[in-house]
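Hi,

Here is the structure I promised to pass on. Please have a look at it, and then read my notes below.

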Amino acid sequence: MNKLAVKSPLKPSLEFSQTLRNFDTGQTVKVKKKIKKLKKKKKKNPVVSKKIGFIGLGMMGERIVRHLMKTGHNVSIWNRTPEKGRRFVIDGAHQYLTPADVMFNCDITFCCVSGPEASRSVMFGETGILKGLERYKSVSVSVSKGYVEMTSIDPITSQEIAAAITSNGGKYLEAPFRGSRKLADEGCLLLLCAGDLELFNKSESCLCAISKNAWYLSRNIGSGSKMNITLSMLMGTTHAAVGEAMALVENCNLSRNDFVNILSMTSLACPLLLETGHSMVSYSFVHNNTLKYQQQDMNLALTLGFEKQQPMMMTTAANEMYKEAKRMRLSDRDVSTVFLAAKSEQQ
């Protein structure tokens, strides 16, 4: 089966290319599409024909919901702390008391919570997604509900959630994302999707609202989770390496600013390294990626490596730096504060 990548612009009024690449032949075909400007009258707006649910209004979730609403989607929300949803209700969102109510009333429901444990709770809890799907199944079998899991979770959890959804007549798509808070603000996240291809296509207007690139990997549930974990592992070890290098520069009485400027002139120069380096130079630690969630992904990667009997020496060492940072009560700070943990290890 062909794998496809969808590239779309931030603004839905512009043309975008949908790139279909056949990985067997290596041929690439670009198909031009055009999305019309959103009309003021909702009945003429094609995206409002679908009722979109969203679970989780954390740092990333609230930004995703904002883009969905800006592009005219009919959005219903739920959050563990209802107060966070009030400003979205003022702007036109519907707010439900339970995840079950969101699932029952919406065509496609997205979930973006803190991790595997939270995802399981939202799915299998007494008032969770599964209860809403079972209730809907008891009164209607005409239309399949869609569930899109955006949380960074392990493949086993994703497969268990998929089994619960599909066994009750629903469709499941895992779509974990890569990107910082800044990229979420810009609607430029990278989505790594796997699962039901029909649901992927039906979710196109939502994906275009929040993502610059949505990559469909395969129908195999877990592919998106594994790719996401691997990329996050690489980013985590990179942050740790930069932090350790910066700590060594400081310990040698060299200029951290000089180090970053010289780095920018080498083949290593890239936005990730330079942004992290500047944050460590200024001690500003602008909050783009939360340290505790990065360390959570490091643990998921180590578990995946153990299951596959893959040696993970670098990831294990980097994870120790994150554990030290958490002991220093930096869990809720930006991931670049791992630099402070590297410094403490030298003392």
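Helices (H or I, at least four residues) and strands (E, at least two) are DSSP runs, numbered from the N terminus. After H10 comes Asn253, with a positive phi near 60 degrees.

This is a predicted model, so local features need pLDDT of at least 70 and side-chain atom pairs count only at pLDDT 80 or more, while totals for chains, interfaces and linings use all residues. Residues are numbered from 1 along each chain as its sequence is written, and side-chain values use heavy atoms, with hydrogens and water left out.

On confidence: pLDDT (the predictor's confidence in each residue, from 0 to 100) averages 88 over the chain, and 85% of the residues score at least 70. Over residues 7–45 pLDDT stays under 50, and the model has 67 contacts (heavy atoms within 4.5 Å) beyond four places in sequence for them. Where pLDDT is low, the predicted coordinates should not be read in detail.

Now the salt bridges (a side-chain nitrogen of Lys or Arg within 4 Å of a carboxyl oxygen of Asp or Glu): the whole structure has 13. One joins Lys171 to Asp196, with the closest N and O atoms 3.8 Å apart. This pair links distant parts of the chain, 25 residues apart: Lys171 sits in strand E9 (residues 171–174), and Asp196 in the loop between strand E11 (189–195) and helix H8 (197–202).

Best wishes
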